[in-house]
Amino acid sequence: MAAGTEIFRLFGRIMIETSDAERSLSKTESKAKAFLGTIGNGAVTVAKFAGAVGAAALTAAGAATKVAADFQSQMSNVQTLLTGTQDEIAAKVSKYGDIVKEVSRTTGLETSNLTDGLYQVVSAFGDVDDAAKIMEIAAKSAKAGNAETSDAVDLLSAVTKGYGDISAEANQKAADLAFTTVRLGQTSFPELASSMGKVIPLCATMKVKEEELFGAMATLTGVTGGTAEVSTQLKATIQGFMQPTTAMTSALKKMGYENGQAAIESLGLQGALDALKESVNGDELAFAGMFSSVEAKTAVLALAGAQSEDFTNKTKEMYSATGAAESAFDTQTANLKGTLEKLKQAANTTVIELGEKFLPVVQTLAEWVLENMPAIQSTIEVVFDYLTTVTNTCVEYITMLKDAASAWVADHQETVNAILTAIQNLWQFVQTIFSALMTAAG
């Protein structure tokens, strides 16, 4: 019994020492694992950061490429109107693109708005050297006048083409006159843009100066009608000079003029109207009778009557209208909203320029994929066919193994039960021996 007790004490001491050694080893392993974990976590953090940066970069690159592709598409519309060799056209598109982005930054207008305006300019004026500058003038005019750039182009082209000068300077003059008319009259830039086209060709033909035309618009709008009505009235007035009544023809001859055009070219529109009125000693009914159209009568009675002084003063201001459009633009954009719009477009054009660096790569890749699409499709089909075959084969083998195992178990159920019973009895025997040893040691 004493020997047995000593054996159990020795066995216990060995177990204790082994346990201490295991605990010491466990602590060492824990420290090592903690150290390695720290390194691992750092590596994971770095990897995650790098992955996030990479993902952000790819996302940004994708977004920039999309914006640049949209801008490229917008410029392609303009390109369809350009003339020259392939290299010359490419150079023009590049130059126009740079100008559009710069104007977008300085005006706060979206590039799509400006490229539409540029398309309208080239369509209206042709592929002229001043096209980009005219687009900028029209854009600023539209911005200042709360109009669409296309409306501004319509007005500027009507004025400048009608008067036979489509230079950038002539377009700027037309824009300045339009804004002075808005300031002095009761109208708006969009209204002028949509209405004045009907009267400008007649005024140019009859030698009515631009300043007088816009002076008359500024005088009559809000007095004899809205912008569209006034345009119709002035058109009828000029038609009256082109096709004079018998009374007007007689009066013009007495004044020494062969026709209405000669009188207007010599005296100006207001001078010609005043002279005709004076020829009948100021009799307004006789004066109005020189014009057959009711619309013309309405206009001339005002311009040579109650509104005569205003007509004189407003026409005089038209001769000093230089800078009116630029001033109106500055006023419209000199606020927080204008600043934020410029900031937004500055960021947008920067994204476009970044995206333009990726476009050649994406273009090349897209072209390669397109050229090799049949081979790519064939390869994908082969891979899917192979995967389908492998999957079906695996399913068949797994099913066979399952069926075979189930059949074996069914055929050898007694053997399986005997093995499970033996394992259970062996486990119970071990537990009984261990319990007896622990009791003896106690």
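Which residues line the second largest pocket? They are L109, N113, A142, K143, N146, A147, T149, Q332, N335, K337, G338 and E341. The model is predicted, so to speak of local features a pLDDT of at least 70 is needed, side-chain atom pairs count only at pLDDT 80 or more, and totals for chains, interfaces and linings use all residues. Residues are numbered from 1 along each chain as its sequence is written, and side-chain values use heavy atoms, with hydrogens and water left out.

A pocket is found on a 1 Å grid over the protein atoms alone, as an open set of points with protein on both sides within 12 Å along at least five of seven lines; a cavity is a set of points where a 1.4 Å probe fits but cannot get out, and lining residues have an atom within 4 Å of a point. Volume is the space filled by probe spheres set on the points, with grid points joined across faces, edges and corners.

The second largest pocket has a volume of about 210 Å³. With three residues, α17 gives the most. The lining divides into three nonpolar, six polar and three charged residues, where Ala, Val, Leu, Ile, Met, Phe, Trp, Tyr, Cys and Pro count as nonpolar, Asp, Glu, Lys and Arg as charged, and the others, Gly among them, as polar.

The largest pocket has a volume of about 280 Å³. Its lining is made by 14 residues, and Q72, M75, V93, S94 and E356 lie nearest the centre. The elements giving two or more residues to this lining are α1 (2-79), α2 (86-107) and α17 (336-371). By type, the lining of the largest pocket has six nonpolar, five polar and three charged residues.

Next come the cavities. The structure holds one cavity of 30 Å³ or more, and the largest cavity has a volume of about 40 Å³. Its lining consists of I137, K140, S141, Q172, A175, A325 and E326. At least two lining residues each come from α4, α6 and α16 (324-333), and α4 supplies the largest share, three residues.

Helix α6 (residues 168-184) also crosses helix α15 (residues 308-318): their axes come within 10 Å and cross at roughly 145 degrees. Axes are lines fitted to C-alpha atoms, for helices over the stretch in contact, and angles run from 0 to 180 degrees between N-to-C directions. In this crossing, L177, T180, T181, R183 and L184 of α6 meet K314, E317 and M318 of α15, contact meaning heavy atoms within 4.5 Å. The residues of this contact divide into three nonpolar, two polar and three charged.

Finally, the structure holds three aromatic pairs (rings of Phe, Tyr and Trp, its six-membered ring, with centres within 6.5 Å; planes under 30 degrees apart count as stacked, over 60 as edge-to-face and the rest as tilted). In one of them, the ring centres of F241 and F291 are 5.6 Å apart and the planes stand at 75 degrees, so the pair is edge-to-face. Because F241 lies in helix α10 (residues 227-242) and F291 in the loop between α13 (284-288) and α14 (294-303), the pair ties together parts that are 50 residues apart in sequence.

Terms used. Helix = DSSP H or I, 4+ residues; strand = E, 2+ residues; numbered from the N terminus.
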